[in-house]
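Hi,

Here is the structure I promised you. Have a look at it first, and then read my notes below.

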Amino acid sequence: MSTPRTTVEKAFDALYTDDDTALDTAASLLAADPAADAELARRGEEFVRRAWERGWQPADVVRLARRDLAEEHVRLLGALIASETARYERLPARWAAQVADLDTRAWRADRFSYATAVLELYRLLVRLPSLEPVGPVPGDSSIPPPAVGEPRMLTRIRALLAKAEATGYPEEAEALTAKAQELMARHSLDEAALASGAATGDTPGAVRIGVDAPYEQAKAILLDAVATANHCRAVWNETYGFSTVVGFEADLEAVELLHTSLLVQGTAAMTRAEAEQRAGGRKRTKSFRQSFLLAYANRLGARLATTSRRVASETPTLLPALASREVAVTSHADAMFPQTRTTRVRAMWDEAGWTDGTTAADRAGLGRHRPQVPPGH
């Protein structure tokens, strides 16, 4: 004899269709049955847990909800994730920061509107595909204990980049960013030296970094340049709006810091360039902004690589250890992503945007040498 289906089970039939009428009917069922609220919340936590098991992390899911749904869904999701992750004594590395960034403000609405929003959110959650895992899930016994503080070198780098973003003087930003990049390169060499002198058990890992619209292709190119210069590999997932960066932990932290800072500096420089163009009577367009950011990423990629090689050449005895770590990173990336493809740059050309973007990249100041990269290279 079959057990009668609950209200929630009946309503969840709508999660697997794109029929808005079915969704309205399901929301009406839930709205009329307050006794179903507890089960509805519990099932939502189950959907979140399944997302973790499929390789998703809090920031990934929130990014997708923000892109495809509305503010109320993001707030409902934030509360759901906070509730689900509170059950664990220890969270994986980087999860604490992602959970702390959640918008958990309560969203008030009539019962029908609330049920509709919940079902729309759950419909997104149940359709999440599996992703390449970039670390353990909450509750996994392999989660290491949290580190106390961060290396002094990273604290210095973070402070330098914060000052570079805050200053209104390009020359000062140049000097601060140049110093930060050199510290990053030397920090990576120190890690390679440590690994070559003892069996540390250190292996490559991975982290996801959001690549948001607009101009996501230029932003992905910039992240790829930063990752490559810091002995990492970046793989862009255009569909879900992020890149997965593979590398050793010290290098991954450097990539996150530098990419974020350069994106802030590049966006600020683009805004200033647009203002100057408007002051000269020229209307700026989407093609100007695309060309600006592509040139910025292109020039920075060349300069980052030059700085990285220069710093490494100052300690030639460590080059074999560095090469060995890069081989390990490439092997790990290939294992995670056995099937990748290159993609063409899709952008409308604007000469002024390219010129201004190249100039802004030069001002980012990443080393003592400034290689000249011709437009389109």
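A residue is called buried if its relative accessible area is under 20%, exposed if over 50%, and partly exposed in between (1.4 Å probe, protein chains only). Helices here are DSSP runs of H or I with at least four residues, numbered from the N terminus.

Two quick notes on where this comes from. It is a predicted model, so local features need pLDDT of at least 70 and side-chain atom pairs count only at pLDDT 80 or more, while totals for chains, interfaces and linings use all residues. Residues are numbered from 1 along each chain as its sequence is written, and side-chain values use heavy atoms, with hydrogens and water left out.

Let's start with H12, residues 286–313. Of its 28 residues, 21 are buried, so that helix is mostly covered. From first C-alpha to last, H12 reaches 41 Å, close to the 40 Å expected at 1.5 Å a residue (the expected span is 1.5 Å times one less than the number of residues).

Next, H3 (residues 37–53). This helix has 17 residues and reaches 25 Å, close to the expected 24 Å. Its buried residues include Leu40, Gly44, Phe47 and Trp52. Among the elements covering the buried residues of H3 are H1, H2 and H7. After H3 comes Gly55, with a positive phi near 100°.

Now for the packing. Two packed helices are described by the angle between their axes and the distance between the axes. Axes are lines fitted to C-alpha atoms, for helices over the stretch in contact, and angles run from 0 to 180 degrees between N-to-C directions.

How do H3 and H7 lie relative to each other, roughly parallel or oblique? Their axes come within 10 Å and cross at roughly 25°, and H3 and H7 are therefore roughly parallel (under 35 degrees; over 145 is roughly antiparallel, 65 to 115 roughly perpendicular, and the rest oblique). The contact (heavy atoms within 4.5 Å) involves residues including Phe47 and Val48 of H3 and Tyr122 and Leu125 of H7.

H2 (residues 20–31) packs on H7 (residues 111–126) at about 125°, with the axes 8 Å apart. That pair is therefore oblique. Among the residues that meet are Leu23 and Leu30 in H2, and Phe112 and Leu119 in H7.

Happy browsing!

How values were computed. Helices (H or I, at least four residues) and strands (E, at least two) are DSSP runs, numbered from the N terminus.
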